Amino acid sequence: MSILTTLISVLYYAFIAFIVVLILYNLIKTKDWKKEIIYVVILIPFLLRLLMLK
Amino acid sequence: MKKKIFIRKTLILLAGVALTFPAGVSFYRHRHLKEPVVISSGVTQVKKLGDYFDKIRGTTNDCNLYFLEGKEPGATMIVIGGTHPEEPAGRLAPWIFAENAHIQKGRLILVLSANRSASTVTRPSGAYPQDFTIPTDWGRQKFRMGDRWTNPLDQWPDPEVYIHYPSGQNLAYVDIRNLNRVWPGRANGTLTEQTTYALMNVIRSEKVDVVIDLHEAELQYPVINTIVAHEKGQDLATLVSMTLTDFEGFKIGTEFSPKNLHGLSHREIGDHSDAISLLCEAPEPFLDATRGITNRKQLLEGKDEFVVKAGEHGLLFAPIDSTGWPIDVRVGRHTSTILQTFESWNEDHPDKEIICNSVPRYAEVIKNGIGHYLKNPNTAQTKKIFYE
């Protein structure tokens with residue numbers, strides 16, 4: 001069970017990292033300043049989780 | 001134009017980093033706050049939970065076990081604090097024992113952070129303070145404020161339904177991270193299950209006679225101001241309850257552990273070991289759903305006008321007025337309940353006594369404050385300081 005949990009956790013963090021990359025990609029691509037702010041706000045909890053802080 | 005957009009994006013990203021950085025530092029500091037325990041000269045050895053189960057060694061939940069051993073043999077009792085670290089009186093009461101107690105006869109084992117992981121996180125969206133400080137005779141001592149559940153950074157993911165081992169009872173998914181829903185634990189389970197498995201190893205291998213698990217509860221919860229007892233401990237709990245109510249000036253009841261409610265310490269420890277298991281509840285208005293501002297002041301003073309209002313409408317199971325339920329009162333209830341458990345046990349087991357000295361009872365804790373019994377780590381010998 002603990003091996004399965006570890007595996008899921010690794011996949012989860014890989015998924016979080018992928019989403020962070022997607023958000024950053026969209027942040028670079030968009031020309032709308034309101035969307036830029038939204039992307040950065042969305043990025044914060046993903047970064048905190050990726051860094052294992054929260 | 002491109003340069004202007006680049007500068008704008010950079011500034012917005014920097015603003016995001018400026019928000020993320022202090023939040024990250026704050027979370028990091030909370031998770032790594034070291035709480036000093038200046039052990040009493042009565043503490044004869046300090047072990048780790050990992051000494052009783054290898055898989056726990058080195059994990060967040062590899063907590064300290066403080067052993068206080070008398071010169072004369074007698075009963076062995078264990079006091080478990082920090083099952084739910086959002087209930088601070090449950091940690092502070094054994095803390096006072098660890099820093100002050102002397103055992104003349106028998107043995108006492110203290111756990112201050114049973115679910116250490118849960119003490120490194122607060123409830124999401126709960127607006128909990130991350131810590132609180134207790135004024136002492138030498139300054140202020142800071143403690144971590146925690147949550148009811150193991151930190152998801154240490155145990156994740158949760159299942160859709162939590163199936164308790166070994167009963168097979170279905171419980172709320174999140175309770176797979178609740179230390180008081182995973183007794184007696186299992187060796188190959190989650191971190192929380194492995195923690196209770198290790199604690200069961202302590203109870204069995206140290207031949208513990210009585211386990212006392214300390215908690216606090218919201219006033220809207222019916223199990224409050226009481227001792228919940230396994231059937232093996234009903235006589236003991238009733239005697240403790242009657243004596244405290246008659247002689248110490250506070251009311252505490254007795255409830256019997258339901259046989260079909262699994263995972264709780266008062267049920268499973270009694271079922272899976274020779275020990276008598278008791279669970280003590282003190283009132284904590286901070287936990288009530290109808291509370292007002294959720295801050296350090298409310299946590300320590302236990303005053304809340306909205307909870308008082310709920311009481312006026314008959315919605316509470318414990319009384320409350322404008323004086324609230326201060327932390328000194330809640331901790332004092334626990335210290336007296338523990339000491340009275342020793343004394344009531346001794347009445348029935350004169351050949352296997354436990355005698356504990358130098359720990360304040362209810363009235364003394366209220367009179368002097370908890371801080372009076374906390375020792376200064378800055379003037380203590382290094383070998384006397386342990387960290388939770």
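Start by selecting B:Gly16, B:Phe27, B:His30 and B:Arg31: these are the buried residues of helix α1 of chain B. "Buried" means that 20 or more other C-beta atoms lie within 10 Å of a residue's own; with 12 or fewer the residue is exposed, and in between it is partly exposed, with C-beta atoms placed from the backbone. Before you click on, a word about what you're looking at: this is a predicted model, where local features need pLDDT of at least 70, side-chain atom pairs count only at pLDDT 80 or more, and totals for chains, interfaces and linings use all residues. Residues are numbered from 1 along each chain as its sequence is written, while chains are lettered from A and ligands numbered from 1 in the order in which they are written.

Now show what surrounds those four. The buried residues of α1(B) pack against α2 (33-50) of chain A, together with β6 and β7 of chain B. Helices (H or I, at least four residues) and strands (E, at least two) are DSSP runs, numbered from the N terminus.

Next, select all of α1(B), residues 2-32. How far apart are its end C-alpha atoms? They are 44 Å apart, which agrees with the 45 Å that 31 residues should span at 1.5 Å a residue (the expected span is 1.5 Å times one less than the number of residues).

Move on to β6 (residues 131-135) and β7 (residues 140-144) of chain B, antiparallel strands joined by five bridges. Strands pair if DSSP finds at least two bridges between them. Click B:Thr133 and you'll find B:Lys142 of β7(B) opposite. The two strands form a hairpin with four residues between them, and B:Gly139 in the turn has a positive phi of about 150 degrees.

Colour by chain now and look at where A meets B. Here 19 residues of chain A are in contact with 19 residues of chain B, contact meaning C-beta atoms, placed from the backbone, within 7 Å. On the chain A side, α2(A) gives the largest share, eight residues.

Last stop: B:Met242, in helix α4 (residues 234-247) of chain B. Is it buried, partly exposed or exposed? B:Met242 has 14 C-beta neighbours inside 10 Å, so it counts as partly exposed. Finish by drawing a line from B:Met242 to B:Lys383: they are 141 residues apart in sequence and 41 Å apart in space, C-alpha to C-alpha.

How values were computed. Two residues are in contact if their C-beta atoms, placed from the backbone, lie within 7 Å.
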